[in-house]
Amino acid sequence: GLLAVHAQAAGARLILNELEKVRFGILSSLFEGQHLYNRNAEHIHDYLPAELLPTAVIMNPPFSIAANGKKGGLAVTAAHIRSSYDRLAEGGRLVAITGANFVPKSGNAVETLLDYVGKTGGLQLSCSFPGKIFARHGTSFETRMTVIDKCGSAEDSNSPDRFHQLKGGRALSLEKFTHGRKSLCFRVLILSLGQKTGRHST
């Protein structure tokens, strides 16, 4: 809801997804006339109508627990991001807030995901944030913001350099991230997956 309000104020047409029933009901009352769904976002690309192609995706996938309550580690987060990336329109941008440990290592789910998206786009930014930033929202969990663009081909993306920087533990430049960026997109898919514990949402 907090993300959706700002997107709506900017004039975006919204596609909202919330798995937790109470929060879905709240969104339904606040965002009448927008596209609202109550699905497991791990498979959101399979659920949405073909004509809905968001030009921007803002998501907070679960850090380790799937919708069925089973722990799956980084693979759960990666699966959510991959499905959303598949739905993203060409030329669009995906922004995901994850656990701070969402970084590629040899053979892990994050490396596999970035290899996959690198075929049609790629990593633009990965920045970690201290837990105190979100303290007023009830969590002190350290997080990471990952930005992926869907460029249409690997040749149109600077992803390989940024991928290797990330694997090497070097920070990615915000200045490089914003340089040359085209105008903002106006169809936004905002995904949320509430866990029973209330701690994480996507």
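The model is predicted, so local features need pLDDT of at least 70 and side-chain atom pairs count only at pLDDT 80 or more, while totals for chains, interfaces and linings use all residues. Residues are numbered from 1 along each chain as its sequence is written, and side-chain values use heavy atoms, with hydrogens and water left out.

Start with the overall layout. The protein chain has 7 helices and 7 strands. These are DSSP runs numbered from the N terminus: H or I over at least four residues for helices, E over at least two for strands. Along the sequence they follow the pattern α-β-α-β-α-β-α-β-α-β-β-α-α-β. Of the 202 residues, 44% count as buried. Buried means under 20% relative accessible area, with a 1.4 Å probe and protein chains only. Contact means heavy atoms within 4.5 Å. Among contacts between residues at least 6 apart in sequence, 69% join residues at least 24 apart.

Now look inside. The largest nonpolar core has 15 residues. Such a core is a set of buried Ala, Val, Leu, Ile, Met, Phe, Trp, Tyr and Cys residues joined through side-chain atoms within 4.5 Å. Ile81 and Leu94 have the most contacts inside this core. Two or more residues each come from β3 (56-59), α4 (74-87), β4 (93-99) and α5 (109-117). Of these, α5 gives the most, with 4 residues. A second, separate core has 7 residues, including Ala4, Ala7, Leu14 and Phe31.

Beyond its neighbours within four places in sequence, Ile81 is in contact with Met59, Pro61, Leu94, Ala96, Thr98, Phe102, Leu113 and Ile148.

Next, the helix pair. α4 and α5 pack at an angle of about 15 degrees, with axes 9 Å apart. Axes are lines fitted to C-alpha atoms over the stretch in contact, and angles run from 0 to 180 degrees between N-to-C directions. So α4 is roughly parallel to α5, a label for angles under 35 degrees. From α4, residues including Leu74, Ala78, Ile81 and Tyr85 meet α5 residues, among them Ala109, Leu113 and Val117. The residues of this contact divide into 10 nonpolar, no polar and 2 charged. Here Ala, Val, Leu, Ile, Met, Phe, Trp, Tyr, Cys and Pro count as nonpolar, Asp, Glu, Lys and Arg as charged, and the others, Gly among them, as polar.

Finally, Cys127. This residue is found in strand β5 (residues 122-129). Is Cys127 buried or exposed? Cys127 is buried, because its relative accessible area is 16%. Cys127 and Ala100 are 27 residues apart in sequence and 8.5 Å apart in space, C-alpha to C-alpha.

Key: Buried means under 20% relative accessible area, exposed over 50%, partly exposed in between (1.4 Å probe, protein chains only). Angles under 35 degrees count as roughly parallel, over 145 as roughly antiparallel, 65 to 115 as roughly perpendicular and the rest as oblique.
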